[in-house]
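Hi,

Here is the two-chain structure I promised to pass on.

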Amino acid sequence: MSTPVSAAATGLAEPAGVAARARALTKAYGSGETTVLALDSVDVDIARGRFTAVMGPSGSGKSTLMHLLAGLDTVSAGQVWLGDTEITGLKEKELTQLRRDRIGFMFQSFNLIPTLNALENITLPMDIAGQRPDREWLDYVIETLGLRDRLKHRPAQLSGGQQQRVACARALASRPELIFADEPTGNLDSRAGLEVLGFLRDAVDKLEQTVVMVTHDPGAAAHADLVLFLADGRIVDEMPRPTAESVLERLKRFDVIHAQPPHAQPPRGRAETDGDQGVSGAGGVQDAGIDSKPDRD
Amino acid sequence: MLKATLRSFLAHKGRLLLSALAVILSVAFVAGSLIFSDTVARTFDRLFASTSADVTVEPKEDLEEAVPSGQTPTLPARLAGRVATIDGVARSRVDAAVENITVVDSENEPVGSTTGAPTVATNWYANDRSPVELTSGHAPRGEDQALLDKDTADKKDVEIGDTLTVLAAPGSFKVEVVGIVTFTTTNPGAALVYLDTPTAQRELLGSRKVATGISVDADPGVSDTELKRRLADELGSGYDLKTADEQADSAASELGGFLDVIKYVMLGFAGIAVLVGIFLIVNTFSMLIAQRTRELGLLRALGADRRQVRRSVLTEAVLLGVAGSTVGLAAGIGLAAGLIELMSLFGMNLKSTEMVIGWATPVVSYVVGVGVTFVAAYLPARRAAHVSPMAALADAEIAGVGRPLRIRAAFGAVVGAAGAAALVGCATAEKTSSAASLLGIGLVLTLIATVIAGPLLVRPVIRVLGGAFPAVFGSVGRMSQRNALRNPRRTGATAAALMVGLALVSGMAVASASMTKSFDEQIDKTLGADFVVQNSNFLPFAREITEKVRDTDGAGLVVRQRFAPVKVSMPDGKSVETTAAGYDPRLDDVARVTYVTGGTSRALAPGRIAMQRDFAQDHEVRTGSKLPVEFPGGRKTELTVGALTDQPGAEGFGVEGGLFLGMATIEEFVPGGQDSALYVNAAPGTDADTLRDRLEKTLDPYPQVQVRDQADYKELIREQIAVMLYLVYALLGLAIIIAVLGVVNTLALSVVERTREIGLLRAIGLARRQLRRMIRLESVVIAVFGALLGLVLGLVWGVAAQQVLALQGMTAFAIPWTTVIAVLVGSVLVGLAAALLPALRASRMNVLAAIAHE
């Protein structure tokens with residue numbers, strides 16, 4: 001059921017290439033009887049210069065997919081490329097460098113080092129690498145994110161939204177090939193969340209960055225160019241030019257499919273996969289992501 | 001609640017491990033020292049009780065010998081005959097035993113112990129009370145036969161038929177070993193030579209008419225105390241009479257001096273371990289509570305009151321204390337067994353199977369172990385009790401970080417000011433005794449103040465210390481500096497553990513460097529002789545050596561130095577017991593003495609005495625004062641003060657008063673004394689090197705003494721001072737081990753606390769190597785901070801201590817810069833070592849698990 005995502009299928013303009021791709025990507029936890037497949041032979045291409053959202057219920061494997069694409073975790077089988085580099089098979093040290101130099105990260109919470117001020121947090125990956133930041137670009141990013149007068153503040157002195165903006169700036173600062181955002185709005189109120197999503201959108205449109213965002217929230221996903229739907233460790237669908245309503249509609253639909261017994265194929269995800277959390281009871285766009293717990297695959 | 005406490009204790013047992021180790025170390029040293037001293041005391045009590053005669057008659061010991069005079073007190077041998085006639089006496093026999101001898105083999109190598117245990121020569125008699133039995137050969141008969149104990153014979157490869165030379169006070173003599181004796185009880189470590197009784201009297205004491213004591217055995221039915229009473233009635237008060245029990249006690253207490261040193265050293269270790277351990281435990285509990293703020297808040301929200309929370313934390317502490325004390329007690333038994341084994345290296349054959357564990361040992365162990373943990377956990381427990389129920393809900397900032405340090409600052413300032421005042425008082429005091437007690441008070445108060453104020457100093461000092469880190473190590477350096485600054489209390493307490501040890505050491509190092517320098521200067525100033533001949537332990541040596549040195553070709557002037565205990569009745573009505581030095585008349589040619597009034601000739605003239613000016617003033621003595629003086633053996637005379645000196649007190653071995661007099665006076669009133677030093681000048685026409693060669697050749701058969709020129713003499717003094725330092729360094733070693741445990745502990749718990757942060761850093765590309773470096777740098781900065789505090793405090797102490805020494809005449813001040821630099825470099829190494837495991841652990845963390853960590 002895995003679906004290769006091709007440019008043609010998205011109906012969007014021809015992208016500038018592929019930022020990352022995975023083939024037959026499989027991740028299993030445990031062994032023998034208790035083996036749980038978090039990802040089941042997934043093929044995926046992440047288009048360069050696009051904003052891709054990954055959706056799915058808890059345990060669907062969306063965070064695992066992100067971790068594997070970002071070189072944070074090791075695959076059980078399959079291959080992952082970042083640009084032309086095959087990252088499956090890279091050593092730990094090379095992976096660390098790859099993350100540092102070529103990937104930007106935003107997490108749901110605890111994004112910043114509490115002892116460093118905003119500016120120091122923003123330039124941290126480059127400092128670690130011993131590289132000088134591109135001043136002009138850095139200024140541009142800081143301006144765009146409206147952080148100019150917050151640079152000397154420590155994270156504890158910033159609001160949640162400001163903290164996520166600093167994290168966003170950090171992800172952008174080194175002009176990485178790919179930015180991964182793991183539930184970046186999960187801990188924010190709706191206004192701050194919208195703001196952060198706006199910045200991610202701008203990063204793609206104005207700064208020509210590539211962003212992959214994992215989210216529960218159809219409203220958040222609506223900011224993306226393309227939404228990938230994951231369930232039971234597989235990509236079950238994709239939706240170009242999503243709106244909050246269409247995403248919510250789609251989620252409901254495949255949730256219903258899932259609820260139909262008997263299954264054509266039993267779910268292979270984690271135990272809680274079957275739950276109807278994430279959609280049922282979703283009265284509106286902003287409330288859709290009721291499962292506000294961070295997804296910890 | 002108890003169930004929750006137990007669960008929590010077990011859940012955190014890994015994190016309590018290092019605290020437990022601190023408790024274990026403290027208790028082990030306490031228990032070990034108690035067991036060891038009990039075992040030794042029991043062993044020797046038994047030995048002396050079984051080997052002492054029913055009653056012993058000895059010469060009256062009237063004056064304590066602070067500095068050995070070399071004289072052996074004797075009584076008339078015919079007393080034995082008189083005693084034998086007393087009703088109730090079964091047997092009486094003369095004892096002729098001396099400890100101030102040296103025995104050498106045919107190659108002039110000493111046969112006795114070289115580690116300070118005595119070499120004893122005594123008269124042989126076989127009976128059931130002898131501590132030895134003849135196991136091979138035969139009893140000594142005649143003047144050239146002797147027995148040697150088996151332990152010594154084995155150690156030095158002496159066999160029956162070998163010839164030994166005994167160097168005794170009256171002269172040296174050769175003996176053939178005709179038998180070997182074996183200890184039937186514990187060998188206290190001495191080398192034993194047995195001679196037949198007439199030979200012992202003549203060769204060791206100089207006359208067959210004298211003895212060192214009379215051993216008396218009672219008839220059946222006559223008790224020891226009854227016999228003693230009868231002897232006292234008959235002999236009067238001119239002798240010391242001791243029953244077997246009293247003799248055993250006094251013998252044991254003589255040996256006890258040496259054993260007490262070991263005991264106090266051990267207790268010193270225990271003290272350091274306790275002191276440093278407290279910091280470790282305080283830190284551990286503070287951190288555990290900080291990490292469990294939410295859990296404690298939940299307990300409070302569920303209805304636990306403050307008292308219950310506090311009690312729960314304290315119960316955990318008591319559990320830790322009990323567990324640590326139990327293991328520590330076991331470790332203490334091991335330590336005592338190790339010490340007992342170690343003692344056998346010094347020739348003292350104790351048996352670890354006869355180990356004595358008195359009731360006090362476990363009691364004291366548990367009191368120390370549990371007490372220390374309880375006290376150390378008390379403040380953290382109070383803090384835990386103040387966690388609000390809201391903490392369960394809030395994503396609370398770690399408790400204690402943000403709280404102001406104002407109370408601490410005020411308290412620290414008050415205590416510090418009091419301590420500083422005491423130290424200033426000590427520096428300006430004029431009496432040694434008051435200065436010393438002020439020094440003690442000042443040390444304790446300034447130490448407490450530094451511990452209290454430590455967290456306040458963290459920010460300013462570490463800002464400077466780690467100031468270069470961001471420039472040198474980039475963001476890794478910046479983060480490690482800020483991590484060290486993150487929780488000043490924690491950093492302060494961790495560094496305090498290191499500080500205590502280093503303050504002690506640097507204080508002692510300053511004091512000893514100042515002492516060494518003072519002695520050097522004084523030797524330069526006062527020692528005018530080409531050579532000094534003396535024993536490296538400053539013990540008196542056989543008179544024969546003096547003769548041989550005088551007869552050496554090329555030796556010019558020889559001035560003898562000899563000590564004698566004296567009791568002087570002062571004009572102010574006080575009676576002072578001290579030691580006086582006697583010199584030959586031409587003292588000016590070998591030493592430079594500065595006089596306030598009079599001069600050497602008037603000081604050393606017959607019937608005269610000289611003393612130090614300040615001492616004289618204190619006791620209203622003037623030149624020309626006539627002082628009644630009592631020498632050992634009840635010999636009394638009156639001496640006129642001929643001169644007052646301006647010598648600092650360090651002269652004459654720091655003996656009170658700096659009294660000295662003519663050698664003739666000492667020879668008259670302390671017959672049979674031995675010289676402690678010979679000052680030798682080369683004869684005209686002989687150069688010093690030639691004389692040295694010849695003196696060394698002359699002294700070849702006398703390994704107990706050496707020839708030293710000024711430089712050698714300084715070296716000897718330095719070595720004496722260094723011995724004191726070795727002990728301090730050993731204490732330091734232990735303090736550092738525990739302090740390192742403390743740093744490891746803090747880092748390990750901090751790493752756990754910062755798991756998510758570390759995960760984030762790893763995710764955004766911090767290499768494992770960089771992460772390890774970050775933790776290492778933090779560790780180094782904490783260690784150097786502790787070392788710096790310790791050094792500064794120690795230097796202040798050293799300056800104050802030097803002022804006390806100055807009152808003793810040691811006026812020079814020196815800072816041992818090599819030690820200071822070594823301590824700083826060492827602290828960097830300590831920091832690196834302490835970071836090894838925590839850094840490894842942090843770098844091994846799974847990135848994803850770390851990010852997801854709560």
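This is a predicted model: local features need pLDDT of at least 70, side-chain atom pairs count only at pLDDT 80 or more; totals for chains, interfaces and linings use all residues.

In helix α23 of chain B, the buried residues are B:Thr819, B:Val823, B:Ser827, B:Val830, B:Gly831, B:Ala834, B:Ala835, B:Pro838, B:Ala839, B:Ala842 and B:Ser843. Buried here means that 20 or more other C-beta atoms lie within 10 Å of the residue's own, exposed means 12 or fewer, and partly exposed is in between, with C-beta atoms placed from the backbone.

Residues are numbered from 1 along each chain as its sequence is written, and chains are lettered from A and ligands numbered from 1 in the order in which they are written.

Back to α23(B). Its buried residues are covered by, among others, α14 (488-526), α20 (710-753), α21 (755-763) and α22 (768-807) of chain B. Helices (H or I, at least four residues) and strands (E, at least two) are DSSP runs, numbered from the N terminus. How far apart are the end C-alpha atoms of α23(B)? They are 41 Å apart, which agrees with the 40 Å that 28 residues (817-844) should span at 1.5 Å a residue; the expected span is 1.5 Å times one less than the number of residues. The helix also bends by about 40° at B:Leu836, with a proline, B:Pro838, following within four residues. That bend is the angle between axes fitted to the seven residues ending there and the seven starting there.

Now for chain B as a whole. Its 854 residues are 49% buried, and it has 24 helices and 23 strands. Its C-alpha atoms fill a box of roughly 95 × 65 × 55 Å along the principal axes. An automatic or database assignment gives the domain bounds: domain 1 (1-52 + 273-400), domain 2 (61-237) and domain 3 (531-708). The C-alpha centres of domain 1 and domain 3 of chain B lie 55 Å apart.

Chain A has 297 residues, of which 49% are buried, and its secondary structure comes to ten helices and ten strands. One residue to look at is A:Arg234 in strand β10 (residues 234-240) of chain A, which is buried, with 22 other C-beta atoms within 10 Å. A:Arg234 sits 209 residues from A:Leu25 in sequence, but their C-alpha atoms are 9.7 Å apart in space.

Where do the chains meet? The contact takes 21 residues from chain B and 23 residues from chain A, two residues being in contact if their C-beta atoms, placed from the backbone, lie within 7 Å. On the chain B side, α13 (469-486), α21 and α24 (847-852) each supply at least two residues, and α13(B) gives the most, with seven.

Helix α3 (residues 92-102) of chain A has the buried residues A:Leu95, A:Thr96, A:Arg99, A:Arg100 and A:Arg102. Their cover includes α21 of chain B, together with β4 (77-82), β6 (103-106) and α5 (124-129) of chain A.

Best wishes
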